[in-house]
Amino acid sequence: MYRKTLGLLVSLSLVGCGGGGGDSQFAKDNYPTQACPSNMTCGFMKAPKDYNNPNGEQVDIYYGVHKANDPANRIGALLLNFGGPSAEAVSGAGYMVEKELPKEILDRFDIVGMDPRGTGQSVFAKELTDCAVAQSNKQGDCSATYSQVAPFLGSNTVVKDMDMLRNLLGDEKLTFLGYSYGTRLGSLYAHTFPDKVRAIVLDSSMSPLDDNYIEMRVDNTAGYGKAADYRLGHDFALSSRYQTIVDSLFANSTYSANDVDLTLAEGSFTLGLTVARETSGDWQKIKPGLMTLLVQDSAAPIKKALSDNDDWPFVSHLSTSPDDLRGSALFKAVVCTDESSPLTTNEIVNSKDRYILASALYGLNTYYSTAGMCIDWPAKRDPIATVSNMESALGGQQILIIGGQYDPATPYSWAEEMVDAFGNSASLITVDNYVDHGFSYSNISCVDQKTTAYLLDPDTKISDETCDASALSQNKSFMIAPDTSHPAKDVIGW
């Protein structure tokens, strides 16, 4: 029974993690073409389909470059990755050039985006889109496609593509800014090519230690609980009331308030929106209704808030758009391919207590919506390495890590684990009093200043700092027009 339930609910596993991989879709056949950004030049790099057979079949990797504005003082190329794994990077890099990156960076660096395999115009995006659309239309599924292409989509392969592109661009060493899942790529690059690292920024870090999907989602569950506690003002009474309501929802599929009933679906969406990213403005929309429910036991206001907003992330991302479907399919392909210690079906089904232990409030919701994703994975895996003891491997080369205390997508504990992995080579910028994800070059000045200083001069160690971003969440003009277009803010996955 639990296995069937997990299979039915796994389609919900990505809701609340962001949107699709930007506006791009594969460039051929029946799917719209995403043109090269007007501020970049683009092309295809040939790379081995299988790096274990480097002289075998070659595939196309799409990339774009914006040349440094001050070529006489050019440092090199800055490669950007916006996470997922679902997000293409070429159009995202074009946006960062136009809207976000400071003059000092644009003057000194070529800004580069590379669409990872399965995204944008790179190889395997069409295959994943085709199978995901067919699956959505109940005309097939992605099992055969996963068996054929997933072994060539994993993080180990993308890291090798990154190094090939570094070489193609003529840089002796890599300068990299990775958000969210991009931090997995950046840390794995440092592990795989430690002598090729110039500067790596890991913004909103994934865990360098978790070796299967369940471990990651259990950590996520704890992060949701921490963010919700912050949103509720660390108020034990409010948290206890919320817990009572959630327990009733999962036990009875409904909660009977003093006025009307709240359904499990409504409660699940409310849980998600309680930890929505600040830049979305969604928490502010539900906060009055949720507080009325918790304090007065009246469910009508929260039900009205949910019904008045039909574009909630937790609803709209159950999307049938080809690119969102592709993004979800790629997320599954990469995460399951990367597992180094995959769990058996029984171990996955029986992981419920681990979720609940991580957060009694979020445990069941996250378990039922995520745990079953890699059950019966049909394809060959390409396990990633544990990243640890990197200080000696890097020989003193500095790494900059950015983590949010209340990041709902990549919990702060992961940033701390990443710092431990790099030892004295790591500097840590902590963003406090702010529920969001992807912090550099998104209008948090103390983060941006430190990131720019590090990228320009990675040989000078950046001092650890905590940036209090509470003013952003209290700034009404910011909340009216939040910076939701930042490519790292709208991505399926991490």
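The legends below accompany several close-up views of a predicted model.

Residues are numbered from 1 along each chain as its sequence is written, and side-chain values use heavy atoms, with hydrogens and water left out. Local features need pLDDT of at least 70 and side-chain atom pairs count only at pLDDT 80 or more, while totals for chains, interfaces and linings use all residues.

**View 1. The largest nonpolar core has 106 residues.** Such a core is a set of buried Ala, Val, Leu, Ile, Met, Phe, Trp, Tyr and Cys residues joined through side-chain atoms within 4.5 Å, where buried means under 20% relative accessible area, exposed over 50% and partly exposed in between, with a 1.4 Å probe and protein chains only. Among the members that touch the most others are Ile111, Phe422, Val447 and Trp494.

**View 2. Phe44 and Tyr62 form one of 10 aromatic pairs found in the whole structure.** Rings of Phe, Tyr and Trp (its six-membered ring) pair if their centres lie within 6.5 Å, and planes under 30 degrees apart count as stacked, over 60 as edge-to-face and the rest as tilted. Here the centres are 5.0 Å apart and the planes stand at 50 degrees, so the pair is tilted. Phe44 is partly exposed at 41% relative accessibility, whereas Tyr62, at 7%, is buried.

**View 3. Tyr224 and Tyr362 make up a tilted aromatic pair.** Their centres lie 5.7 Å apart, with 50 degrees between the planes. Tyr224 counts as buried at 14% relative accessibility, and Tyr362 is buried with a relative accessible area of 2%.
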